[in-house]
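The following note collects points for a colleague who is examining the model. Please read it alongside the sequence and the coordinates.

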Amino acid sequence: MLIPADKTLAAALPAGVLRDPSPVYTEEPRGRYHGQAGLVAAPRDTQECAAIIRACAAARVPVVPRGGGTGLVGGQVITDGPAPLILSMERMTAIRGTFAEEGVMIAESGVTLQAARQAAAGAGRQFPLSLASQGSAQIGGVLSTNAGGVNVLRYGNARALCLGLEAVLPDGSVMHDLKRLRKDNTGYDLRDLLIGAEGTLGIITAASLVLAPVPAETGVAMLVVDSPAAALSLLSLAQARMAGGVTAFELISGQSLHFLDAAFPDMRQPFDTRPDWLVLIEVGLPAGLSADAALEGLFTAGAEAGLVHDGVIAQSGQQGADLWALREHIPLANRHVGAIASHDISLPLSEVARFIDDAGAWLAGQGDMRVNCFGHLGDGNLHYNLFPAAGRTRDDYETIRRDLSRRLHEMVVARGGSFSAEHGVGRLKAADLARWGDPARLAAMRAIKGALDPLGIMNPGAVLA
């Protein structure tokens, strides 16, 4: 039985760690969950974090870790049960070391993704994980949710960009595993266990991060295609022509462009007539190869194959940034409209186009609504979001919202896909995991949770319902 965080617990915490429990610690971006907090604590270092966890374990008080608060599945808030201690990592913001020649940086969990990328750039390297929320998202949260982003196609997700961790386990002990090694075959990989666990198995306090060389030549293009199937064929063509050089390959629907028009009417778009589908591609090539020439060659080959019908190639860094700004503003435009339901899904590449066709056909018979499908086509991750018809609000669809999501997720799972590609499970999708997760895998997950956190204090209700 867990108990609320109260004055008794506060007296047992290290001096100076408590924060005012303002609403910022109990909110999440989509506004679907309104959390609670008995206490808010912000440790300054790993030792204080460990002391806080030991005190919570002794008192049987639930702990909800909080990074930048940008998560989209409710993992950072708890709505019922005993009021928890919110553990904010906002004060642990040190870059403990940068080893440029090794391609490694050690960062504490409160370092924002943007700050980590800037520190890498200052060392002549790049930390290639890139998210729209990178100004707020923190390294601890990025790893705890195994975040993805636009560059997974080339560099992998957060898990692939971490060599080692320092973490506080549920009993308050500290795991010291901040190794800078690519090879370390010495038993169970607890690093990979904690990454993606969403704070249910411990608190990440620091990480050894992989830094990558900065490509000598980069280029960005936006190309018009007839369909997602054509976009996938273009992706295959691009990878064949520039093996290893395609950094990002994003699918954007015409609905995205119309939403951008509505939300950001002053934002310039490259095509006067909004196409039904287009792709945004970025390439990074070594010295001696021209990114512009590579993209021009791709455009020509794609046109000859009937895959590409129009396009623009950025002629400067600013033009490339402007094209990326269109992609990065799509979530903001979606928020302006107000979604009925949002779906972060992934599919085998060969199933993507058929899913989009089949889901669209099914939804056409479910009522008057709009679909905005966009995302990281290069790694099979789509953001398949439903919106009210023009003149209606999402409240009009409240009675069918959950049924729509369940059926779409069923279609994804039946095709060998995932109902949570990069956002995690949190509380929003815990029931989905229980419904569609492999029974043996779920049993193993519960056994691990019970072994590491027998009191159940770590982010209760997240991941495992």
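**Notes on the predicted model**

1. Thr 205 counts as buried, because its relative accessibility is 0%; buried denotes a relative accessible area under 20%, exposed one over 50%, and partly exposed one in between, with a 1.4 Å probe and protein chains only. The residue belongs to strand 10, residues 203-210. Helices (H or I, at least four residues) and strands (E, at least two) are DSSP runs numbered from the N terminus.

2. As to provenance, this is a predicted model in which local features need pLDDT of at least 70 and side-chain atom pairs count only at pLDDT 80 or more, whereas totals for chains, interfaces and linings use all residues. Residues are numbered from 1 along each chain as its sequence is written, and side-chain values use heavy atoms, with hydrogens and water left out.

3. Which residues does Thr 205 touch, not counting residues up to four places away in sequence? They are Thr 46, Cys 49, Met 89, Met 92, Arg 96, Glu 108, Ser 109, Glu 166, Ala 167 and Val 168, where contact means heavy atoms within 4.5 Å.

4. An open sheet is formed by four strands in the order 1-2-4-3, with mixed pairing. Strand 1 (18-19) and strand 3 are at its edges, each with a single partner strand, so one side of each has no neighbour in the sheet. Strands pair if DSSP finds at least two bridges between them. Strand 1 pairs with strand 2 (residues 39-41) in the antiparallel sense over two bridges, and Leu 18 has Ala 41 of strand 2 as its bridge partner.

5. Helix 2 lies across strand 2, strand 3 and strand 4 (85-88), and runs at about 165° to strand 4. Axes are lines fitted to C-alpha atoms, for helices over the stretch in contact, and angles run from 0 to 180 degrees between N-to-C directions.

6. Most residues other than glycine have a negative phi. Arg 60, however, has a positive phi near 60°; Arg 60 sits in the loop between helix 2 (46-59) and strand 3 (63-66) and is partly exposed, at 41% relative accessible area. Asn 146 likewise has a positive phi, of about 50°. Asn 146 is located in the loop between helix 4 (139-144) and helix 5 (152-155), and counts as buried at 14% relative accessibility.

7. An unreviewed UniProt entry annotates residues 33-214 as "domain: FAD-binding PCMH-type"; UniProt positions follow the numbering used here, feature names are shortened, and annotations may be inferred rather than shown by experiment. In the model, the end C-alpha atoms of residues 33-214 are 40 Å apart, and the span is 21% helix and 24% strand.
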